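Visitor: I have a chain to look through and some questions about its fold. Could you take me through them?

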Amino acid sequence: MNITYQERNRIFKLDTAHTSYCIGIVDKENFVGHIYYGRKLTEDNLAYLMRTEEPPYVPSENNRDRTSFLDTFPMEYTGSDLGDYREGTLEVRTTSGHTGVSLSYLSHRIYDGKEKLCGLPATFGQDPECKTLELTCEDKILHLQVILSYSIFADSDAIARSVKIINNAKEPIYLTKVLTACIDMDNDDYEMITLHGSWARERAIQTRPVTLGKQSVSSVRGESSHQEHPFMAWKKSTTTEESGDIYAMNFVYSGNFLAQIEMNQFSSIRAMMGIHPHDFCWKLGAGESFQAPEVICVYSSEGIGGMTRCFHDLYRNHLIRGEYKDKKRPILINNWEATYFDFNTEKLLNIAGQASKLGIEMLVMDDGWFGHRNDDNTSLGDWQVNEEKIGGGLKYLVDEVNKLGMKFGIWFEPEMISPDSDLYQKHPDWAIAIPGRMGSLARNQYVLDLTRQEVRDYVYEMFAAILRSANIEYVKWDMNRQLSDPGSYGLPADRQGELFHRQVLAVYELQDRMTREFPHLLLENCSGGGARFDAGMLYYSPQIWCSDDTDAIERLSIQAGTAMIYPLSTMGAHVSDCPNHTVGRVTPFETRGYVALAGTFGYELDVTKISEEDRNLIPKQVAMYHQYNDLIRSGDYYRIAHYADNHYYDCYEVVAKDKSEALVTYIQILNRPNYHSRRIHIPGLDPKRTYEIVNAEDWPEMKQTEYKGDTLHYAGINIPPLWGDFKGRLMHLKAI
Ligand code: GLA
C-alpha cells in the first residue's frame, strides 16, 4: 500500500495490494483529472494517458473551445454549469442567485492513518494500516474549498472517498448538490449490477447493460430503503462470479442517495454516488464546512465474488465496531411472529422457559410493551412500560428471564410519533410536517423531527431510562416508515432543505450516544425489515434485521443480494413458523435452520406451540450454530449457484481464511423427476490440499469422502437429487 506524488508529472498514484488509482493535474488552471483505476501497475508515470493530447487541448492553449474541454475531460470531481454538460457532483447557488463552480488543484497532503468524519459513520484505520491523500481544490471566484479525501488500507483493495466543502467567503453559499465520488472512464462493454426490492423482498440482484444516457438507482425516502440500494457495480459483460473486471461503489450512509452511471456522446462513462440532490439545499455560512459521507470504491479482477469478499473484509475490519464485532452473537428468540401484540409477562416467560431448555440464549420482547399499544395504531413516543401487559414491571420480567440463564433484549422505534400518543398531544409540532398541510401518515405514524436538539434529548432520555432500569443486553432499533412531508418547525425557511440530511445525522448522533452509554449492548438495526440495511448503520450496530420475510426460500434471494456487499455476520436471520406468515409456504424445519445459519441465527416463533418434532430439532440447530458460526462470521463467502437464475437450487460456501475448512450449503428448491445428480464446483479451497467431508454420514450417496481442493473446484462433486422440495444439506469440508 502506498500513495505517491510525482512532482514533475503532477501525478498522484494510490496503490493497494492489487489495484492502482491514478489522478493527474493538468493545464495552468490546475484541472484535476482521473487517469486510471484498475489492476495494479508498476509504472508510476501515467501522464501520457491524460486526455489532453487531442483537440480541444487544454483551455490555456485553446480557450475558444473551453466548453469542449470541460465536457470531455475525465474529471476527478466535478463542478457544474460552466461547460461540462455531463451531470456533475457539486452544485451551488450564491446569495445573488447564481450557479457555476469550477475546481482546480490548490494543495495536497499525504498522511498515515485516516481522520474521522465529523458526525458521520466511516471506515477507520490507524497508522500503519491505512494512508490518506487529501487533495484540496478551490473555486477562486467563490472562495470555496473542496477537499477530496482518499484512504487506502494495507489489508484491503478498497478506497474510501469523502468530500469536505469549506466556505471561505464572507457570504453564505447554498450547496444544492454534493455527491461524494465520481469516476470517469471509457466504456468497456459494461453491465451495471444494482439491488432492488420492496417490503419483504429486499435487495434482488439486477444486471443490465450500461447504455447511452443515464441509468441510476436512488432513494428520496429519507432512508436507504427497501426499493433501491446505495450500491452499484459495473463490470465487463464477460466478467463472471470468479474472474474478470468489476468496479463498485457503496455508500456509507443511511438516507437519500443517488448512484448513477451516465454514458455520453463519446462512450465515456461517469459513475457517481452521493446524497440525492432532491430536497437538498444546505446553507453554508461564512467559515463553515460541510462533510459529505463516505463512498467505498472497489475494483477487482477476480469477478463479482472478488468484489464481494473485498467489501466483507473491509467492513469486518474497518467499519463494524463494538464488543460484538468479532464475537458470536447470543441465539435469540423474538416474540414478534410468535405473539404479535398479544403478549404479557406470563406468555413471554413461558416462551423463555421452554427456549432456555433448548439452548436458546436470549429473549427479545418486540413491539407492544409500552403506552397502550395493542396494535400498530398508537403510542409511539410514549416509552413507558405498559404494566397491564408486563405485570410486575420490566425489571421483574428481565430478572426472571436472567434467572433462566438467558439474556434479555427489547424493541424500540425511537424516531417515530403516533398521533394517538401523549407525546403528540403535548408536542404536535415535534412531528415532521409541512405547516398547513395534512401530514401523510404511514402505518398510522409520523416521523419525529430529530433535527431539533430538544426532541433528540427527550427521545434519548426516554429510551435510556428504560435501558437503565433493568439488565437489558440487546436493542432492536426499528424504523417503520419512510420520510415524507419535509417540513420542520425548528428550522428557518432557508434551512428547510437540510432536513433530510440533518435527520440522518440525528439518528447517527442518537445511536452514538446510546452505544457510548451502553457499550456492552448488542444493537440490531431494523427498518420495516431491511429498509435500512446499509454500511452507515453497520458502523453503529454489528447486525441488521435483513427482512420481515422469514420464509427460507425467499430469504435465499434476500440474503444473496445482501451478502453481495455485507458480511454474513451482519445479516439478522431467524427460523420462523410454518406456514410462513408472509408467503404461506411450508418448508422443512431443517432447511429453515440452514438458511438462518448464514446470518446471525435465532428464532421467531412460539416455541411452546410448534410441533414436538420441530422443537426436538432446536437443540441440534443450536449445536450446529455453535459448531459453524466462527467460520461463517470470519470466512470468505462464495456464491456457487442462485435459484433466481437456475430455478432449481441454491448453493453457497464459506471458506476459512487459512483454507483449513469450508462449509457448503446446498438447498434444492424443486425436485425434478427423472433427473440425475447435479455437478457443483466448490471454489476457494487450497488446490493442493486434500479435503475430507467431515459429515460424511449426511452424504451416504458419495462414492468417496476425500478430494483434492483443485478437483473439488474444477471437476466438482455430484450432488444427488434430494427427495421432496425445499430440501437442504450442509457439507463440511476439512483439510487433512
Ligand atoms: C417491523 C420489524 C418487525 C417487527 C415489527 C413490529 O416490521 O421489521 O420485525 O419488529 O416492525 O412492529
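Guide: Two strands count as paired if DSSP finds at least two bridges between them. This is a predicted model, and in it Ile 152 stands opposite Ile 159 in β9.

Visitor: How many bridges join strand β8 to β9?
Guide: Strand β8 covers residues 144–153, and a hairpin of 5 residues leads from β8 to β9. The two strands run antiparallel. The number of bridges joining them is 9.

Visitor: In β19, which residue is the bridge partner of Ile 166?
Guide: Strand β9 is also joined to β19, residues 289–300, by 7 bridges. That pair runs antiparallel. The partner of Ile 166 in β19 is Ser 289.

Visitor: Why is strand β9 largely enclosed by the rest of the structure?
Guide: A residue is buried when its relative accessible area is under 20%. Strand β9 spans residues 159–167, and it is largely enclosed because, of its 9 residues, the number buried is 8.

Visitor: What radius of gyration does the chain have?
Guide: The chain has 736 residues, so a compact globule would have a radius of gyration near 27 Å. The value for the chain agrees with this: 27 Å.

Visitor: What share of the contacts with a separation of 6 or more comes from residues 24 or more positions apart?
Guide: The chain has 14 helices and 38 strands, and buried residues make up 62% of its 736 residues. Among contacts with a separation of 6 or more, the share from residues 24 or more positions apart is 69%.

Notes: Residues are numbered from 1 along each chain as its sequence is written. This is a predicted model: local features need pLDDT of at least 70, side-chain atom pairs count only at pLDDT 80 or more; totals for chains, interfaces and linings use all residues. Side-chain values use heavy atoms; hydrogens and water are left out. Helices (H or I, at least four residues) and strands (E, at least two) are DSSP runs, numbered from the N terminus. The radius of gyration is taken over C-alpha atoms; the globule rule is 2.2 Å times the number of residues to the power 0.38. Buried means under 20% relative accessible area, exposed over 50%, partly exposed in between (1.4 Å probe, protein chains only). Contact means heavy atoms within 4.5 Å.
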